[in-house]
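This briefing is meant for a reader who is meeting this structure for the first time. Please look over the sequence and the model first, and then go through the notes below, which are grouped by topic.

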Amino acid sequence: MPYVNIKITQEGATAEQKARLIQGVTELLRDTLGKNPQTTVVVIEEVPTDNWGIGGETITQRRSRGS
């Protein structure tokens with residue numbers, strides 16, 4: 001039973017976009033590794049930009065200065 005955890009920043013991904021991610025990852029595992037879609041678990045976690053850091057600063061800080 002494959003388990004896939006996708007983490008994205010919490011910036012307004014729509015329900016449709018998330019559904020497409022889940023479907024796409026499930027199909028990729030089926031087509032590439034022969035995994036059963038009925039037992040494939042995909043979880044999307046949305047992380048606030050204040051809680052996601054790159055290079056010693058939060059995404060919020062980076063975005064506020066246009067980087």
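A residue is called buried when its relative accessible area is under 20%, exposed when that area is over 50%, and partly exposed in between, with a 1.4 Å probe and protein chains only. By that rule Gly12 is exposed, because its relative accessible area is 58%. This is a predicted model, in which local features need pLDDT of at least 70 and side-chain atom pairs count only at pLDDT 80 or more, while totals for chains, interfaces and linings use all residues. Residues are numbered from 1 along each chain as its sequence is written, and side-chain values use heavy atoms, with hydrogens and water left out.

**Overall form**

- The protein has two helices and four strands, where helices (H or I, at least four residues) and strands (E, at least two) are DSSP runs numbered from the N terminus.
- Along the sequence these elements follow the pattern β-α-β-β-β-α.
- The radius of gyration of the protein is 15 Å, whereas a compact globule of 67 residues would have one near 11 Å; the radius is taken over C-alpha atoms, and the globule rule is 2.2 Å times the number of residues to the power 0.38.
- Taken along the principal axes, the C-alpha atoms fill a box of roughly 45 × 25 × 15 Å, and 18% of the 67 residues count as buried.
- Among the contacts (heavy atoms within 4.5 Å) that have a separation of 6 or more, 63% come from residues 24 or more positions apart.

**Pro2 and Thr40**

- Pro2 lies in the segment before strand S1 (3–9), and Pro2 counts as buried because its relative accessibility is 15%.
- If residues up to four places away in sequence are not counted, Pro2 touches Leu29, Lys35, Thr39, Thr40 and Val41.
- Thr40 belongs to the loop between H1 and S2, and its relative accessibility of 13% is why Thr40 counts as buried.
- Apart from its neighbours within four places in sequence, Thr40 is in contact with Pro2, Thr26, Leu29 and Lys35.
- The side chain of Thr40 also reaches the backbone oxygen of Asn36 at 3.0 Å.

**Helix H1**

- Helix H1 (residues 15–33) has 19 residues and reaches 27 Å from its first C-alpha to its last, close to the 27 Å expected at 1.5 Å a residue; the expected span is 1.5 Å times one less than the number of residues.
- The buried residues of H1 are Val25, Thr26 and Leu29.
- Seen down the axis of H1, these buried residues fall within an arc of 95°, so they line one face of the helix; the arc is that of the directions from the helix axis to the C-beta atoms.
- The buried residues of H1 pack against S1 and strand S2 (41–47), while on the other side of H1 the residues Glu16, Arg20, Leu28, Asp31 and Thr32 are exposed.

**Strands, loops and distances**

- Gly12 lies in the loop between S1 and H1, and the C-alpha atoms of Gly12 and Gly55, which are 43 residues apart along the chain, are separated by 24 Å.
- Val43 is found in strand S2, and Val43 is partly exposed, with a relative accessible area of 26%.
- Not counting residues up to four places away in sequence, Val43 touches Tyr3, Val4, Asn5 and Ile6.
- The C-alpha atoms of Val43 and Ile59, 16 residues apart along the chain, are separated by 22 Å.
- Glu57 lies in strand S4 (residues 57–58), and, leaving aside its neighbours within four places in sequence, Glu57 is in contact with Trp52, Arg62 and Arg65.
- The side chain of Glu57 makes a polar contact with the side chain of Arg65 at 2.6 Å; a polar contact is a pair of N or O atoms within 3.5 Å, and within protein one must be able to donate a hydrogen and the other to accept it, while residues adjacent in sequence count only if both atoms are side-chain atoms.
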